[in-house]
Amino acid sequence: MSAVYINSASCISVQDTLKDHFFQDLKADPSVQVLKAIDPNYKEFIPPAMIRRMSKTVKMSSVASNYALKEAGIEKPDAIIVGTGMGCSQDSEKFLKNVIDNNEEFLTPTFFIQSTHNTVAGQIALGLQCHAYNFTYVNTSSSLEFSFLDAQLQINDGEAENVLVGAADEQTNRTMELYRLNNTIKKEEDLPADYLHSETDGVIWGEGAAFFVLGKDKTENSYAQLKDIQIINRLNTEEINSCIESFLAKNKVKKEDIDAVILGFSGDAKSDVYYTKAMDLFQNSALLFYKHLSGEFNTASGFSTFMACHILKEQQIPDVMMINATKKEEIRSILIYNHLAGSDHSLVLLERAL
């Protein structure tokens, strides 16, 4: 496949990632079970009458996509592709509560209509009056990666020149309660979380939205070149290193040439062993982690891709992300490795847009 460039990147997250020069203000909070995204002033972007009817996922995505398109200088993209793991969970919960409270009778369809996973992509298209290709991927933790692959294909097949790609997930009270009950979320007694040397199971849960404009042509503002993506549903811990090596070999890249590796350490002792194994491959690379800044959630890789874009563009790595002391004079290539609870492993290779 020919080169595809990331020409803009925007993110709403637990950090204040919408502002300029946010690298200096990144802070981790390992002492809470659930991390909330920092809300922008939605009234600046969305009419107040519409805000009341929008779930948090739609609101975050509307603003993040607005920023991404404005940065890329594009009014209407040739395609809109969104990835989400949980969709508009708040409206799903409201609909199900309605069903129970009304004994399955006299239901208004509003909450059901707004709870479907493709609501995000649809609302963005409605706001832009964009009638182009519109698609939503719901593939747990690899939803963004599938969206990137689709965008790559759209551009390479000549179907589109500029594609808006994003991923978003929100929290809901009931889902968080269930996650606490099944120990997906760390127990109070296991906090503060030790992300790199955890001996306990469970994670700190987060939320957020990240949007990018992928283009056929490199621009003055391009962040990175999207080289390749690989997604594997299931892997044994013994297979991960050979999988990474074959992925790099396919792209004619030596492991020594990878300047930085971003790993999805979540503080879950059971599943973090994959990342510990992968670290052994990259003795000469800067090793980074990020979920202590974003929390774990289905599309947390959107935050890591956003951070990778800024690292490549600004040529600096925030100290708070560093696992080892390796520092590179120039950062030309970044490998992102992510999974959720040991499933849906993804590898994303980015190169500096020169």
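The model is predicted. Strand 10 (residues 343-352) is largely enclosed by the rest of the structure, because eight of its ten residues are buried. Strand 7 (residues 260-263) is covered on both faces. Twelve salt bridges are present.

**Strand 10 and its partners**

- Strand 6 (residues 224-234) runs antiparallel to strand 10, and nine bridges pair them.
- Ile-231 has Ser-346 of strand 10 as its bridge partner.
- Strand 9 (residues 333-340) is also antiparallel to strand 10, with seven bridges between them.
- Ile-334 has Leu-350 of strand 10 as its bridge partner.
- Strand 9 and strand 10 form a hairpin with two residues between the strands.
- In that hairpin, Ala-341 adopts a positive phi near 55 degrees.

**Strand 7 and its partners**

- Ala-260 and Ile-262 are buried on one side of strand 7, and Val-261 and Leu-263 are buried on the other.
- Strand 7 pairs in parallel with strand 8 (residues 286-289) over four bridges.
- Val-261 has Leu-287 of strand 8 as its bridge partner.
- From strand 7 the chain passes through helix 9 (residues 273-279) to reach strand 8, a β-α-β crossover that is right-handed.
- Strand 9 runs parallel to strand 7, joined by four bridges.
- Ile-334 of strand 9 stands opposite Ala-260.

**Helix 3**

- Helix 3 (residues 89-101) has 13 residues.
- The helix reaches 18 Å from first to last C-alpha, close to the 18 Å expected at 1.5 Å a residue.
- Its buried residues are Ser-89, Asp-91, Phe-95, Asn-98 and Val-99.
- Helix 4 (110-115) is included in what covers these buried residues.

**Ile-80**

- Ile-80 sits in strand 2 (residues 79-83).
- Its relative accessible area is 0%, so Ile-80 counts as buried.
- Beyond neighbours within four places in sequence, Ile-80 contacts residues including Ala-121, Ile-124, Ala-125, Leu-128 and Leu-164.
- Tyr-133, Asn-134 and Phe-135 are also among the contacts of Ile-80.

**Salt bridges**

- Side chains of opposite charge can pair when their charged atoms come close.
- Arg-174 and Glu-177 form a salt bridge, with their closest N and O atoms 2.9 Å apart.
- These two residues are separated by about one helical turn, because Arg-174 and Glu-177 are three residues apart in helix 7 (residues 173-181).
- Residues three or four places apart in an α-helix point the same way, because there are 3.6 residues a turn.
- Arg-174 is partly exposed at 43% relative accessibility, and Glu-177 is partly exposed at 39%.
- Asp-259 and Arg-332 meet in a salt bridge at 3.4 Å, N to O.
- Asp-259 lies in the loop between helix 8 (240-250) and strand 7, and Arg-332 lies in the loop between helix 11 (301-314) and strand 9, so the pair ties together parts 73 residues apart in sequence.
- Asp-259 is buried at 2% relative accessibility, whereas Arg-332 is partly exposed at 43%.
- Glu-296 and Lys-291 meet in a salt bridge at 3.1 Å, N to O.
- Glu-296 is buried at 4% relative accessible area, and Lys-291 is buried at 0% relative accessibility.
- A network of salt bridges links Asp-39, Lys-56 and Glu-207.

Key. Residues are numbered from 1 along each chain as its sequence is written. This is a predicted model: local features need pLDDT of at least 70, side-chain atom pairs count only at pLDDT 80 or more; totals for chains, interfaces and linings use all residues. Side-chain values use heavy atoms; hydrogens and water are left out. Buried means under 20% relative accessible area, exposed over 50%, partly exposed in between (1.4 Å probe, protein chains only). Two strands pair if DSSP finds at least two bridges between them. The expected span of a helix is 1.5 Å times one less than its number of residues. Contact means heavy atoms within 4.5 Å. A crossover is right-handed if, with the strands pointing away from the viewer, the path from the first strand over the helix to the second runs clockwise. A salt bridge is a side-chain nitrogen of Lys or Arg within 4 Å of a carboxyl oxygen of Asp or Glu.
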